[in-house]
Structure formats: C-alpha cells, structure tokens
Amino acid sequence: MRRLPFLAAAMAAGLSTSPAFAYMVYVSNEKDNTVTVVDSDTKEVVKTIDVGQRPRGITISHDGKFIYLCASDDDTIEVIDTATHQIVATLPSGPDPELFVLSPDGKTLYVANEDDNLVTVIDIESKGVLAEIPVGVEPEGMGVSPDGKTMVNTSETTNMAHFIDTDTHEITHNVLVDSRPRFVEFTPDGKEAWVSAEIGGTVSVIDNETREIKQKITFEIPGLRAEAIQPVGVRITADGKKAYVALGPANHVAVINTGTYEVEKYVLVGQRVWQLAFTPDQKTIISTNGVSNDITFIDVATDEPVQSVTVGALPWGVVVSPN
Amino acid sequence: MKGMVPNTLVIFFGLFVASVNASPVAAQETAPQQAAPKAGAAKSGQEITEIRIGYLRAYEPQLALSVLDVPPRDEGVAGATVAIADNNTTGKFMGQQFALDVTEVKPDADVVQTFRDMVARGDRYVLADISAGQLLSIADIGRENGVLIFNVGATDDVLREEECRSNVFHTAPTRSMLADGLAQYLIWKQWPRWVLLYGSHERDRAFADALRRAATRFGGQILAEKEFKDTGTARRTDSGVVQIQRQIPVFMQDLPDHDVVLVADESEVFGTYVPFRSWIPRPVAGTAGLMPSAWHPASEQWGGTQIQNRFAKANGRRMLSKDMSAWTAVRIIGDAATRTQSADQQKIEAFIRADDFSIAAFKGQKLTFRKWDWQLRQPIFLGDSKSVVSTSPQEGFLHQVSELDTLGVDEPETKCVLN
C-alpha cells in the first residue's frame, strides 16, 4: 500500500528535498475497534483494519514496518504489519494498556497499565517483560528522552510525573503537576519534558536537569469556559521551536512558541481533540477529533487547518509512517 | 420497618462493628500490594507522617422494594477505603500514610460522645454519613476542636442553607441539585408537563419540594400531585406483584394527561412499582425510572472505567453514589496533603479553601467548592438501573460563573450565612 517506496532512501538523505510525499496515517478508533489508514497526500481513507477491543495508544517501529497498538480491553498490544495490514503478533502488555512510548533505539516499549499502577517494560524482539515499575495511581502518559536514558510516566490520580532511569528501572524523581496529567513530550534537545494536565487545564514544562517545573502554560479561548479547556496530546517540532497542544473538548489545538512559552494561536479542529502526530517532513500535524469522528490536517507553516477526513468512531490516537 | 430487621442481620451488624473498630489497620492493608518504589520514593530516612481520617456513619440494615436496591453493608465506607489506598499510593512518594477510622452508630443514636471520642483519637478530618440532625449536633463541636467535617451522605438542602457551617464541606449533592439536573434534561427533551407522586415520609416530601422548585426554575409544569401513603405494608411478599399490577394504575387513573411521571419516594414505599404499571404509558423519573445521582455504577466516561475497575476489584461490587462522595472527600484531603507536601492541618485547610482549589473525580471537569456554603459543584448523572442516559447541566443552561451553578441553590438566593 505504501507509495513510492524507492523514495525512502531519498527521504532519509534529506527531508527538506522531498516534495509532497505520501505517508500513511494510522488512526486508532476507540469505539469501533478499527485502525483507519489515510493517505497523507490524497487525504483519503485507503484501508480500515479490524483490530482488538478498544484500540487507543498507537505507535510505529522506526523502520515503519510494524504498528504497535494498545488494545486496551483485550489487555494486549497488537503488532500490525504495515505491508499486509495483518495482525502478526501480540506483546504482553499487562492489563488495560492505554499509552506507551518506543525507546529511541526502537527495541523497548514502555507501557502504562492504568488498572495496576504499573509501567511495564517490554523487550520487543523477545516479546518478554523486562520490568514492572510501580508508579502512582492510574498511570497514563509516557515519554522518553531523546538519549533514551530517562523515561517519564504520568499518573492521573496521583498527579505526578515520575522520572524513571531506563537502566535501573527505578524512579529517580517525582514531580507534582496539575490534575490528571495525560501526556509527556520531550523537547528534541532533551532539556525539557512537557506534561499536559487535562483537568488542571495546564501544561507544565519540567527542566530535565533539575527535574523541577520551570514554566506552567495556561490557555484561554474567548467564549469558552475554563473547564472546557482540557490539554491532552502534546507534540513539539523537530527544530524545537513550536509546540502543539490538543485541548480536548475545547476543540482547538494550541500553538506555543517554545522560546517564550506564549500561546501564539488556537487552531479550530474537530470535537474533543485528543492526540497529535507530525508527518515525517514536519509540514503537517494531524489531530484526532474523537466526538466528530474525524482527523484534521494542520499546515505547520501557517498553522491553518487544511482539511478534515472522516475516520472511524471515536478516533483516539494517531501515528504517521516514517517512510 | 425498624422492627423488621431479621436477627441474622443484627448478628452480622455486631460483627461488622467489631471489625470496623480495627479499621485503621484494615484500611492500610487494602492499599495496593506492591513493592514500594525503591528509589526516589520517600527520601531515605524521611519520616512517614500519618494522616488520620475519621468516618462516622449511621447504619442499620434497610429494606428496599427491589432486592437489587438494598444498600450494600459497606456503602460509602468502601469508597473511602479505595481513596485511602489511592492516597497511600501517592503517599509513598511523599512520606505520607493515610488511615481510616470508621465508627458506626444507629440512625437514631446520639452521636455527640461518639464524635468527641473520634476527636480524642486524633481525627481532624471526619467524613459524616449521618442524618442532618446528627450532623448539626456535632458540627459546632467540630469547629471548636478544629475538625473539618465532610458530609458524604446527607442531601438535605438545609445543611447548605439556614443551617450551613463553615467547617462542614459537602461532597454529596443536595436534593435541589439532583432535582435540577433531572428537570433540565426533561426540559431539554421538551417533555415539560409532569405529574408528581410523593411518599408520606419527611424525606419524600423534601425531594418533592426540590422537584417543585426545579419545575418553577426551568419551566416545567406540575399538573397534578398525589401522595402515596405508607400504610406499613411489607416491602416484598410472595404474591405481591399480582396486587401491585392492579393497584398502581388505579392509584394513577385520575391524573390529567402528562409527559412524565415524577416520583419522590426516597423511603422505598412505592416508587419502584410505578414504571410500566402507570394508567397511561408514560416515562417515569425521580427516585424511580430515570434517576439523578452523584455517580452511576455504569459510568465509564472521563476515565471512569479506571475508578470503576479499581473499586470493583477491591470491594466485589459496583460503585454507588455514596461511595463516590466518600472517595471524593478522602481524595480532597489527600490531594491537599500531597500538594502542600504537609500533614499540617492548617496548611491543608487553607489549601482546600483557596480560590483555585479543584479536585478531579471522573466527571469530565474539575470540581470546585461553592464558597458561600462549601458545597462541591458537580455534574449530576441521569441513569436508569442499567446505564447512564445523560449528565447535567444540559446544553443551553448557561450561567455567568459556572454552568454547574445552574444546579441547586445559587449564590444570589442562598440563605447561608457562614460562621
């Protein structure tokens, strides 16, 4: 299904030289147990894959060959071959996996197990569990530093970001953030971890050196009640200059200047926007809009919404093929 | 009804009292059985501070029209216990340990000495699941001793109105909040013509009052009312269904045409019998049919699945409204202790009373206190016995401060003078 595979090498050689290039966008649809595959160029649905119960967290191997998908109600992680769109394996996730993050070397998955207050560390090759790390109540957000040395988990009822050493699998720091922290994203230079708090309505920027909050970002949209602004997904551009924050039932994505921490724009997308993903060329960022059953393509250069595409029921997570 | 308590229940009751007296230990044992995180948890050598939370409840076994509605033996307490475990999971990182001290009395008991004993044991936070009268008998003693009381059971508006107290926080909603949540939905549905059936006990009349107030507030019309007198019949009999099928339609046949039947029967005398037995085919709402509540055992929205799973695993049953009100109260104390990084009661109290205080409780938005009566603002679930139908406030019911303040008595109309 992948288009122009021969261009992959050119891609790797220089992102900026590639013209409008078709990537595959994979969207997990929480309600109807499917993954929708959308062509980023034509913006058309090319395939709908039946998967396990309640698919949420979704990511892709660095070589683009395999999708990893949290099938939350099946208590498993499914591995989908991107060439055949078949489920080819499952990984032992522990109960109710919701979100995970892939280590920078692509060998390890760190999984948040909401029901058991655990982070499970999975070796992808052997499909074995390397460690189970007790964290706070309702672990959810998962982030890993670009050097792979630090993994961060957020616990939604404990309201902490737990910094975990990936060698020892032990917690080194606990940073209190606002209510229901949902997502962790490191800046590309590894100096900051951005943590969204859904009910608190803020994003905490944590200094990865001191492990203290250096900045707390708040949001305000005219005409919207503060309670409706519920930050969830966070993505930061590869050049580290702009951050995008999905604001849940506020139906907007905030665009933040990472230098000043000021919100520079609110982009109107669809209803209940939760997760975000860039295309590898960084020209587009895609949001999942759960209640309106669609995804929105946003142009990163202008921060204008370009087009929305209807996917399955309650789209939750999104990932884009790297090639 | 009180005379009908079977002996077996009395014996069980005695055993339970014996067991709950050892509750601080029990509560700790229910904390998740996990190895404490090794590094970075409580800093090595850091002292563990204990925060005691008292739970004063009035209980005796109750009958219900449906055996499915008999209140669980540990209603409310089970929610507090789960929250203690949650607080302790967080507490491991903070060097804080929470303990629950449950004391149980009869519904008509004098609770003054009981409460003084709890205070003497060091309880500075007390969850109260007792009657309004019992609560008022201890509220001022609590204030003199610097005790914060969290009302998790009493829905009486009067406790937030004429009889409000500055040291009593309410995590349970009021009858008027429940009635308003229901009325908003019926208006949103454009089903505004109602008839009201209410029981003959004080609490039934209180809920009927709340429904009348809600009708006035949101444009509902109560076309007729009828009292169903409690004549002291048995709640369940082997052949009762045959008679009920004939009695209820006869009771309702002289009512004018209407959209919805409202039922106010907190006492469980007749309400459950109304749906599907009415004279004309109409939906039923109130204490039967579509019911407003602080929580619904089937709510899975807004992360609800997680608390539901946690609760069911710990207690072997579904989570009810009182469990959620108690969970929320214990979490309020726990969150304040976490965020002030302190067991100092003054700091914790100041934190809870601060303008920016909020708590997350699986209801889709932050919950805050009304400063004028210390009532927790909260959405109201509307559900039948199986599932959530809707949550209020409904779309379009606007408010200049918080849409949650469209539910219950608002600041401009409050009779509360805090002291």
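**Reading a helix pair and a sheet**

Trainee: Which residues of α3(B) meet α10(B)?

Mentor: Residues are in contact if their C-beta atoms, placed from the backbone, lie within 7 Å. Here B:Val77, B:Ala78, B:Gly79, B:Ala80, B:Val82, B:Ala83, B:Ile84, B:Asp86, B:Asn87, B:Thr90 and B:Met94 in α3(B) meet B:Lys322, B:Asp323, B:Met324, B:Ala326, B:Trp327, B:Val330, B:Arg331, B:Gly334 and B:Thr338 in α10(B). That contact splits into 11 nonpolar, five polar and four charged residues (Asp, Glu, Lys and Arg count as charged; Ala, Val, Leu, Ile, Met, Phe, Trp, Tyr, Cys and Pro as nonpolar; the others as polar). By the way, this is a predicted model: local features need pLDDT of at least 70, side-chain atom pairs 80 or more, while totals for chains, interfaces and linings use all residues. Residues are numbered from 1 along each chain as its sequence is written, with chains lettered from A and ligands numbered from 1 in written order.

Trainee: At what angle do the axes of α3 and α10 of chain B cross?

Mentor: Axes are lines fitted to C-alpha atoms, for helices over the stretch in contact, and angles run from 0 to 180 degrees between N-to-C directions. For α3 (residues 77–94) and α10 (residues 321–339) of chain B, the axes come within 7 Å and cross at roughly 20°. So α3(B) and α10(B) are roughly parallel (under 35 degrees).

Trainee: And what order do the strands of the chain A sheet take?

Mentor: Strands are DSSP runs of E, at least two residues, and helices runs of H or I, at least four; strands pair with at least two DSSP bridges. This open sheet runs β20-β21-β22-β23 in chain A, with antiparallel pairing. β20 (234–236) and β23 (262–268) of chain A each have a single partner strand, so one side of each lacks a neighbour in the sheet. β22 (residues 252–257) of chain A pairs with β23(A) over six bridges, and A:Val255 stands opposite A:Lys265 in β23(A).

Key. Parallel < 35°, antiparallel > 145°, perpendicular 65-115°, else oblique. Contact = placed C-beta atoms within 7 Å.
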